[in-house]
Amino acid sequence: MPVLNLKSDFADADDLDALMAGIGRRARAAGRAMALAPAQTKDLALRAIAEQIRTSAPAILRENARDVSAAQAAGQTKAIIDRLTLDEGRVAAIAEAVEKVAGLPDPVGRQLAAFERPNGLLIERISVPLGVVGVIFESRPNVTADAGALCLKAGNAAILRAGSDSHRTATAIAAAMSEGLARTGLPADAIQLVPTRDRAAVGLMLTGLGGCVDVIVPRGGRSLVERVQDEAKVPVFAHLDGICHVYVAEGADLGMARTVLLNSKMRRTGICGAAETLLVDAAVAKTHLKPLVEALLESGCAVRGDAETQRVDPRVTPADEADWRTEYLDAIISAKVVDGLDAAIAHIEANGSHHTDAIITDDTEAAARFLNEVDSAIVTHNASTQFADGGEFGFGAEIGIATGRMHARGPVGVEQLTTFKYRVHGSGQTRP
């Protein structure tokens with residue numbers, strides 16, 4: 001991948017079709033090479049990438065400052081600015097995340113199953129790379145490194161398309177990654193960042209670039225994910241919204257409920273694992289609702305509640321039906337009293353997004369029902385919804401959260417970026 005001039009906002013791409021077709025062909029060739037790369041070589045490359053990111057930190061931060069300044073001038077929200085902004089600590093964390101991926105077990109070549117047929121055929125199911133992964137993201141520049149590292153570890157090539165907000169920062173990170181690959185003898189084209197902000201490039205990626213792209217992962221807002229799911233001609237790993245619930249059930253310890261709720265909502269309000277709705281069981285509303293609402297308000301979180309929630313504090317504003325289905329990505333939460341576990345599960349099913357939902361209770365039977373019956377990719381018991389993260393799952397990093405049912409669900413890590421093939425060993429057998 002050619003290193004772009006970081007002083008330019010755009011690469012020279014008069015013929016976008018030709019540009020994207022070339023990216024696709026190079027990615028396909030790089031993907032074939034990556035699929036055959038030994039585990040040790042991939043790990044050396046990832047460590048070289050991490051070191052190059054550290055070395056390139058001044059350039060990355062310089063380009064990030066330009067992105068942040070432009071976003072502020074454009075009037076972007078506080079949540080978007082937070083997702084976009086890097087500092088020395090966050091760049092160091094990006095490099096560390098890449099190194100953690102290097103330390104993970106190699107997901108390629110694992111024997112997933114083996115069996116012998118009556119005719120003597122020996123059949124193995126073996127994990128293999130997906131091929132070429134297209135990642136389309138908006139304002140999170142760390143996705144460049146997280147997604148790229150996971151794809152490389154799983155023996156894939158990646159085509160990355162950054163949003164306009166993070167284009168300069170992502171370009172600097174991708175350049176560092178390509179340099180790290182080249183230093184260890186792997187194809188630099190295994191990581192390619194689309195060198196234009198032209199939104200038509202997204203449409204071309206969604207076509208599969210003539211069979212060169214095997215799967216698409218969108219990382220961004222609802223409009224981006226909806227477009228990808230509507231237009232993609234290749235499989236998609238994605239989720240539309242992160243409408244996550246914290247249900248404080250009968251048997252909940254108030255101190256634990258307060259701690260978990262505040263972490264679920266306020267640790268970082270702009271991520272998809274942030275809680276957006278508080279449900280309090282009627283059985284504990286008299287003792288738990290008021291202190292929980294006060295804790296949220298005192299932490300700087302606005303509360304929009306049903307009639308019962310409004311009665312506990314005059315600062316609570318009325319919630320309407322849309323609030324139960326809103327991903328605020330901000331210091332706002334909706335709150336409601338529900339009449340028991342069945343009502344809580346029904347509310348989550350009707351209004352949730354199948355992302356991450358939590359129950360707080362010491363009642364193990366109620367917790368077991370919640371974990372079994374809530375149809376979300378991630379369900380937690382007495383733990384924050386903000387554990388919805390590949391790094392927290394021990395995956396090293398994640399390329400995204402998937403809420404669909406095919407192939408990958410929950411954090412998409414290295415294992416989810418592989419598929420499988422069958423190896424059939426015979427001794428001259430023929431089929432009658």
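**View 1. Salt bridges across the predicted model.** A search of the whole structure finds 21 salt bridges. The model is predicted. One of the pairs joins aspartate 189 to arginine 26, with the closest N and O atoms 4.0 Å apart. This pair links distant parts of the chain, 163 residues apart. Aspartate 189 sits in the loop between H7 and strand S5 (191-193), whereas arginine 26 belongs to helix H1 (residues 16-36). Aspartate 189 has a relative accessible area of 17%, so it counts as buried, the limit being under 20%. Arginine 26 reaches 33% and is partly exposed.

View 2. Glutamate 51 and arginine 54 pair in a salt bridge, their closest N and O atoms 3.9 Å apart. Both residues lie in helix H2 (residues 39-55). They are 3 residues apart, about one turn of the helix. Glutamate 51 is partly exposed, at 39% relative accessible area. Arginine 54 is also partly exposed, at 33%. A network of salt bridges links Glu51, Arg54 and Glu99.

**View 3. The arginine 304 and aspartate 323 pair.** Here the side chains of arginine 304 and aspartate 323 meet in a salt bridge of 3.0 Å, N to O. Arginine 304 is in strand S9 (residues 302-305). Aspartate 323 is in the loop between strand S10 (317-318) and strand S11 (332-338). The pair therefore ties together parts that are 19 residues apart in sequence. Arginine 304 is partly exposed, at 28% relative accessibility.

View 4. Helix H7 covers residues 167-183, which makes 17 residues. At 1.5 Å a residue, the helix should span 24 Å. H7 is mostly covered, with 14 of its 17 residues buried. Just after H7 comes glycine 185, which takes a positive phi of about 85°. The loop between H7 and strand S5 also holds aspartate 189, the partner of arginine 26.

**View 5. Threonine 356 and its surroundings.** Threonine 356 lies in strand S12 (residues 356-360). Its relative accessible area is 0%, so threonine 356 is buried. What is the length of the polar contact between the side chains of threonine 356 and histidine 355? The polar contact is 2.8 Å. Leaving aside residues up to four places away in sequence, threonine 356 touches Cys244, His245, Ser376, Ile378, Thr380, Thr385 and Ala388.

**View 6. A nonpolar patch on the surface.** Five residues make up this view: Leu112, Phe115, Phe420, Tyr422 and Val424. Together they form a nonpolar patch with about 470 Å² of accessible area. Strand S1 (111-116) and strand S16 (418-425) each supply at least two residues of the patch. Which element gives the largest share? It is S16, with 3 residues. Phenylalanine 420 lies in strand S16. With a relative accessible area of 43%, phenylalanine 420 is partly exposed.

Notes:
Residues numbered from 1 in each chain as written. Predicted model: local features only at pLDDT ≥ 70, side-chain atom pairs only at ≥ 80, totals over all residues. Heavy atoms only, no water. Patch = residues over 30% accessible without salt bridge, like charges linked within 9 Å, V, L, I, M, F, W, Y side chains within 5 Å. Areas by Shrake-Rupley, 256 points an atom, 1.4 Å probe, with all protein chains shown as cover. Helix = DSSP H or I, 4+ residues; strand = E, 2+ residues; numbered from the N terminus. Buried < 20%, exposed > 50% of the residue type's maximum accessible area, 1.4 Å probe, protein only. Polar contact = N/O pair within 3.5 Å; in protein donor to acceptor, adjacent residues only side chain to side chain. Contact = heavy atoms within 4.5 Å. Expected span 1.5 Å × (residues − 1).
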